[in-house]
Amino acid sequence: MLTGKQKRYLRSLAHHLTPIFQVGKGGTNDHLVRHIEEAIESRELIKVSVLNNCLDDPREIGAEVAAAAGAELVQVIGKTIVLYKESKDNKQIELPSPARK
């Protein structure tokens, strides 16, 4: 689970990224989830865009894809979904440590 500070940091990194996957009128499927898992392992942070012809809610799609891929849902803004998952082999992003109480 990501803290607010970590999500804010990831959003700042994701700002300059372009979406590498698109969800169309067919919605999500196992094939799409498998590709997202592979991409997120190498990149750690990705954007997915939901096309206008998709009738599903982008927030629901984001939650569904994040759960299926084992990733964290960082943000859904408009029709763009930002996902993060720490890479096992090639870790590139160093998250800020959570604040102590």
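Select E44 first: this residue is buried (under 20% relative accessible area, with a 1.4 Å probe and protein chains only), yet E44 has no salt bridge. A salt bridge here requires a side-chain nitrogen of Lys or Arg within 4 Å of a carboxyl oxygen of Asp or Glu. The nearest side chain of opposite charge, K91, is 4.4 Å away; Lys and Arg count as positive, Asp and Glu as negative, and His and the chain ends are not counted.

The model is predicted: local features need pLDDT of at least 70, side-chain atom pairs count only at pLDDT 80 or more, and totals for chains, interfaces and linings use all residues. Residues are numbered from 1 along each chain as its sequence is written, and side-chain values use heavy atoms, with hydrogens and water left out.

Remain at E44, which lies in the loop between α2 (30-43) and β2 (45-50). Helices (H or I, at least four residues) and strands (E, at least two) are DSSP runs, numbered from the N terminus. Which backbone nitrogen lies 3.0 Å from a polar atom of the E44 side chain? That of S87. Next, display the contacts of E44 (heavy atoms within 4.5 Å); leaving aside neighbours within four places in sequence, these include A39, Y84, S87, K91 and I93.

Move to E41, in helix α2. A polar atom of the E41 side chain lies 3.3 Å from the backbone nitrogen of D89. Beyond four places in sequence, E41 is in contact with S87, K88, D89 and N90. For a distance check, select N53 as well: E41 and N53 are 12 residues apart in sequence and 28 Å apart in space, C-alpha to C-alpha.

Now select helix α1 (residues 4-14), where Q6, L10 and A14 are buried. Seen down the axis of α1, the buried residues fall within an arc of 75 degrees, so they line one face of the helix; the arc is that of the directions from the helix axis to the C-beta atoms. These residues pack against β2, β3 (72-77) and β4 (80-84).

Finally, colour the largest nonpolar core, which has 19 residues. A nonpolar core is a set of buried Ala, Val, Leu, Ile, Met, Phe, Trp, Tyr and Cys residues joined through side-chain atoms within 4.5 Å. Those with the most contacts inside this core are F21, I36, I46, V48, I61, I81 and L83. The largest share, 5 residues, comes from α2. Centre on F21: not counting residues up to four places away in sequence, F21 touches residues including L32, I36, I46 and V48. A second, separate core of 9 residues includes L2, L10, L45 and I93.

Definitions and conventions
Buried means under 20% relative accessible area, exposed over 50%, partly exposed in between (1.4 Å probe, protein chains only). A polar contact is a pair of N or O atoms within 3.5 Å; within protein, one must be able to donate a hydrogen and the other to accept it, and residues adjacent in sequence count only if both atoms are side-chain atoms.
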